[in-house]
Structure formats: C-alpha cells, structure tokens
Amino acid sequence: MLRHSGIVAAALLGALSAQTADAAEAKRAAFGTLPDGTAIEAVTLTGTNGVSARIMTLGATLQSLNAPDRAGRVADITLGYDDAASYVTAPNYWGQTIGRYANRIAGGRFAIDGKTYQVPLNDKTNSLHGGTIGFDKRVWTIASVKSGAQAQVVMTLTSAAGDQGYPGTLGVKVTYSLDDKGSLTIDFDATTDAPTIVNMTNHALFDLAGEGSTTGIYAQRLTIPARRYTPVNATLIPTGERKPVAGTVFDFTRGRLLSDGIRDGRDPQIVVGHGWDHNFVLDKGVTTEPGLAARVEDPASGRVLEVLTTEPGVQFYSGNFIDGSLVGKSGHIYRMGDGLALEPQKFPDTPNQPAFGSARVDPGKPYHHRMIYRVSVSR
C-alpha cells in the first residue's frame, strides 16, 4: 500500500510539473514614470514557445510583442518606445487601446435619440481615436494578473459622462491573454449608464522583420479576406460606397506584396491616403467568434501574423504619416513604411452613416469585441 501510494504521489508530482512547465507566465513590474511623476506599471506575458507580450498601464498599451523567426531568433515586432515617458512627450499610436471611438468621426459630431454631441476635432475637421485625450492617453488600473494555461492581465478604466464630449459613464475593461501557441487575445468590454457609442481596438504597428529593420514592411505579403473596401474623401471620411477591390491595388484577397501599390499614384485613393489608410469590409461580417481579418508574412524571417476579430471591418494603415521625426526603440528612427497597422473595428464614421450598421451601446446591453494577434513561423 505504501509503495502504491508512493507511485501515485510520484505520478501526481510529475503531472503537476508537466502542467507548470507548459504554463504561460505573467509578471508584473514597474515601468518608469511619466513627466508629471505618475508611476507606470507593465505586465509581461510569456509563453513556452518564445512569444512574449508586455502591456503597460499607460493606454493599456501593447508595448512589445516578441516572436521567434524560423531560426529561433526572437525580435520585437511592434513599433514604439523603450520607456513610458516617451509615449507622452512624443505621442503616436503605438499599440495603445483606442476608444471611446476608434478611427474617424466626421466633424466630430453624431446624434443619439435626436440629440447632437460634439467631440474634439483632433484630426483637422474630424475627431480621431476618441479625441484629444482618448483611452490611449489614460492610465489604466491593473485589476488582475495570472499565470496558467493562458497568462493574463485585466486592466480597467472609468470614462465619466461628458469625457471628451461623449454621453454616459462608461466602465471599460481590457483583457490580454497569451497562450503557449502564440495567440494574444484581446477582449474589450464596456458598460454604460446612458446611450452612447463605442468602438474599441488596438493600434499596434508591426514590422515582422523586427521593429527598426532596414527593410521595413515592403517585402512582406498581406492578405485580407475582403472583396470590398470603403473609399474615402479628401479628409479620409468614407464616402458611403462599398467598392469592389477586384482589379485595384486594394485587392489583397490572394495576398499582395506591400511594395505593390503603396506608391501607385494612378489610383486616386492611394493619393488621398498617401498610401493605404482604408477600412476593408470583411467577407465574414460580424461574428460571434473571431474570424480572420488579415494575414501578414515576412518571407525572409518566416514570421507570420494573423489578425482575427468579431467585428465587420479592419482598417489597414501602411504607416503613411510616419515621417522620420520620431526616435523609437533602440534608437531607431521610424519612417514611412516602417510599420503597418491592422485595426479590427466597426467602420469609420458609422454613427453618421446608418448603412454601416450601429455603434450604439445602451444600458443593460454591454459592448464586447474580441480580437486576436496570432504569431507563428512559416517554414
């Protein structure tokens, strides 16, 4: 009996050890201070396959995403800064959580139940990414951190009624979860006490060759399963049309090198956007479970990024306005074409274009968006 008990105990210990070895890990640590002295924290999620993600409380930001190439060499594939303070002194949208409303709202105006609301104009004549002080510029609270089958951090924020002109007090939660297979899942949840609009996403800019690479994104291949996109006017607001991509430089349905079309001045939409800065109408539409929105492959390193979402659109931005004036991680100067953003979301200006659906959120009817960044290696 004693011998049998010893065997059982050894087996249990072995199983527990195997479980621990396969578990993804979450570690919380200080991440410097802002110019006003505010302390910032970061949580690093690490999987057993070498993929890791660091999320900092400023902006609930994906500050880094590290992934191995086909030779096992690990590189950070997201643009950004090495310290928290630079996200304030030289702001850009580097991996931040975007809200209340991602993308553009024409004139910064929208109406709910006959009442018109005005939000800040921080993009010429439009409101962009939630306004002057959007969720990307707020310090979030870490609600929980855990290791296990998925390493996870939950961050929360309260946006008071009238914040940036938006109605309703919004309770917001963002959950980052990393598994051992290279999937970083991001859940956006929000509740309100009055009718409002919500459209949240993550704004990471990626270079699968490694941030600051000399080659940039041009040799990488992008696939977007979307047969239509929404053309824009001179202020980058959708015209309302859903235009077929077939026969244009917007056709990524079978994969396209990013060098093929980014400077094609024959297409007026490329001219107005200074490259691609457009919403693609995903063939899958709105889904309960995340479906594929985009796939990027870097042939040189073998790194692959897939973006999945429950939302109906993905904004593809080819880094057109990155002009070499910002010095990022490891002292790298970022220029046009040094990174691309794939932002799953509702269509831009949806509150003013009913044909695009609805961005309305009501009391008792919470907002939820799940997206996934899945990294892997092509052999």
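**Reading loops, ring pairs and strands**

Me: Where does asparagine 103 lie?

Reply: Asparagine 103 is in the loop between E6 and E7. Strands (E, at least two residues) and helices (H or I, at least four) are DSSP runs, numbered from the N terminus. The model is predicted, so local features need pLDDT of at least 70 and side-chain atom pairs count only at pLDDT 80 or more, while totals for chains, interfaces and linings use all residues. Residues are numbered from 1 along each chain as its sequence is written, and side-chain values use heavy atoms, with hydrogens and water left out.

Me: What is phi of asparagine 103 near, and is the residue buried or exposed?

Reply: Phi is near 75°, a positive value in a residue other than glycine. Burial is read from relative accessible area (buried under 20%, exposed over 50%, partly exposed in between; 1.4 Å probe, protein chains only). At 2%, asparagine 103 is buried. The loop between strand E6 (97-98) and strand E7 (104-106) also holds arginine 100, and the peptide bond from glycine 99 to arginine 100 is cis, with omega near 5°.

Me: What is the phi of histidine 129?

Reply: Histidine 129, although not a glycine, has a positive phi of about 55°. Its place is the loop between strand E10 (126-128) and strand E11 (141-146). Its relative accessible area is 4%, so histidine 129 is buried.

Me: How many aromatic pairs are there?

Reply: Rings of Phe, Tyr and Trp (its six-membered ring) pair if their centres lie within 6.5 Å; planes under 30 degrees apart count as stacked, over 60 as edge-to-face and the rest as tilted. The count by this rule is 17 aromatic pairs. One of them joins tyrosine 81 and tyrosine 87, edge-to-face, at 5.1 Å centre to centre and 85° between the planes. Phenylalanine 280 and phenylalanine 316 have ring centres 6.5 Å apart and planes at 45°, so that pair is tilted. Phenylalanine 280 is in strand E22 (residues 277-281) and phenylalanine 316 in strand E25 (residues 313-317), so the pair ties together parts 36 residues apart in sequence. Both phenylalanine 280 and phenylalanine 316 are buried.

Me: Which strands pair with E23?

Reply: Two strands pair if DSSP finds at least two bridges between them. Strand E18 (residues 221-223) pairs with E23 in the antiparallel sense over three bridges, and arginine 221 has glutamate 297 as its bridge partner in E23. Strand E24 (residues 303-309) and E23 are also antiparallel, over six bridges; valine 296 has leucine 305 as its bridge partner in E24. E23 and E24 form a hairpin with five residues between them, and glycine 302 in the turn has a positive phi of about 85°.
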